[in-house]
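Please keep the sequence and the model at hand while reading.

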There are 2 protein chains.
Amino acid sequence: MKNSAPFVEAVDTSYLETLIGYNARRAALSIIEVFLVRMAPFELKPVDFSVMTLIAHNPGITSRQLCHALGILAPNLVGLVNTLEKRGLIQRQPHPFDGRATGLHATQAGAELMQQAEEVASQLEMGTTPRLNAAERKTLMRLLQKIYKNE
Amino acid sequence: MKNSAPFVEAVDTSYLETLIGYNARRAALSIIEVFLVRMAPFELKPVDFSVMTLIAHNPGITSRQLCHALGILAPNLVGLVNTLEKRGLIQRQPHPFDGRATGLHATQAGAELMQQAEEVASQLEMGTTPRLNAAERKTLMRLLQKIYKNE
DNA sequence: TATTGTTATACTCTATAACTATA
DNA sequence: TATAGTTATAGAGTATAACAATA
């Protein structure tokens with residue numbers, strides 16, 4: 001019979017590790033941690049980067065479309081877009097046939113910044129997943145998209 | 001020559017989708033969204049669930065060990081643990097040989113709650129990843145752990 | 001001197017309600 | 001009546017500094 005409470009030497013996380021949600025979140029956070037450091041010179045956080053890359057690749061995209069594509073709420077996008085505009089990275093232009101909407105366009109400076117930032121992003125992905133080969137990376141991408149593209 | 005600004009019909013997200021960090025975050029969020037709903041009856045958010053499951057599987061685990069295992073900061077754990085204790089799901093006991101530390105233990109009620117909660121968690125994982133078969137799920141788990149267990 | 005747990009607090013992220021201009 | 005964009009604001013999550021008790 002034991003006289004004292006038990007203590008833990010090595011923490012058993014085996015159950016948690018059977019959950020895809022847990023594993024996906026931990027993996028995402030470990031990559032984002034590096035992302036924040038490597039993107040600091042560009043002053044781009046993950047959301048800023050996502051917004052900028054979508055604008056750069058989709059000239060004339062609207063706020064509504066950005067929100068839908070990235071799963072962010074409209075009121076939270078306003079400040080982001082304003083900041084990017086003040087930094088001279090994007091410009092607003094009237095939507096060609098919907099007077100309520102505004103088309104967002106990358107400026108020359110914005111396009112050049114994103115060319116560099118995307119290069120850094122692609123490189124850091126390799127750095128944060130050094131134990132994955134090209135085939136594993138492709139498989140991982142496919143399986144993750146199978147999950148969130150359901151909806 | 002065009003007279004009006006371009007507009008976007010279908011948003012091109014192809015570049016973002018080449019990034020594992022982006023895909024992992026989106027997949028995690030889509031699972032967590034369902035998790036929040038299904039765990040509401042247990043009044044357990046993802047972090048509460050993680051903390052409870054580690055305590056249940058590691059009797060006597062300390063706050064320090066929980067923080068390290070889950071990547072959360074000590075000051076943010078205090079409130080969580082206090083709430084779980086007030087709900088009668090866990091108990092604090094003196095650490096057998098370190099007077100600074102406190103061992104955390106699931107109560108009978110806490111153990112029973114977690115048995116149900118873990119069952120629901122495992123089931124909802126299947127529901128949120130209906131297009132993955134057993135082999136794909138296993139592969140996904142392995143690849144994600146290759147990323148965040150590096151550090 | 002270092003570590004565990006804690007308090008206080010600030011900062012960021014996310015969510016809701018309500019308004020305007022246009023469709 | 002519905003939608004795009006906006007404002008104001010509340011709530012949740014995450015971060016740092018500093019302290020008491022113990023090692």
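Predicted model: local features only at pLDDT ≥ 70, side-chain atom pairs only at ≥ 80, totals over all residues.

1. The side chains of A:Lys146 and B:Glu136 form a salt bridge, with N and O 3.1 Å apart. The term salt bridge denotes a side-chain nitrogen of Lys or Arg within 4 Å of a carboxyl oxygen of Asp or Glu.

2. Residues are numbered from 1 along each chain as its sequence is written, chains are lettered from A and ligands numbered from 1 in the order in which they are written, and side-chain values use heavy atoms, with hydrogens and water left out.

3. A further salt bridge links B:Lys149 with A:Glu17, whose closest N and O atoms are 3.0 Å apart. B:Lys149 is in the segment after α6 of chain B and A:Glu17 is in the segment before α1 (20-39) of chain A, so this pair joins two chains. Helices (H or I, at least four residues) and strands (E, at least two) are DSSP runs, numbered from the N terminus.

4. How many residues does each chain bring to the contact? Chain A gives 71 residues and chain B gives 71 residues, where contact means heavy atoms within 4.5 Å. Of the interface residues of chain B, 100% are also interface residues in chain A, so the copies meet through the same surface.

5. The size of an interface is often stated as the accessible area lost when the parts come together. Between chain B and chain A the buried area is about 6400 Å², and carbon and sulfur atoms give 65% of it. In chain B, the residues that lose the most area to chain A are B:Tyr15, B:Ile20 and B:Tyr148, together 10% of what that side buries. Buried area here is the accessible area (1.4 Å probe) that two parts lose on being put together, summed over both.

6. A rotation of 180° with 0.0 Å of shift along its axis superposes chain B on chain A, with an RMSD of 0.0 Å. The two copies are thus related as by a two-fold rotation axis. Among the residues of chain B, B:Ala24 comes closest to the rotation axis, its C-alpha being at 2.6 Å. The superposition is by least squares on the C-alpha atoms of residues with pLDDT of at least 70 in both copies.

7. Sugar and phosphate make up 59% of the atoms of DNA strand D that come within 4 Å of the protein.

8. A polar backbone atom of A:Arg64 is 2.5 Å from a phosphate oxygen of DNA strand D, while a polar side-chain atom of B:Asn76 lies 2.7 Å from a base nitrogen of DNA strand D. Each is a polar contact, that is, a pair of N or O atoms within 3.5 Å; within protein, one must be able to donate a hydrogen and the other to accept it, and residues adjacent in sequence count only if both atoms are side-chain atoms. α4(A) gives the most to the surface near DNA strand D, with three residues.

Notes
Near = heavy atom within 4 Å.
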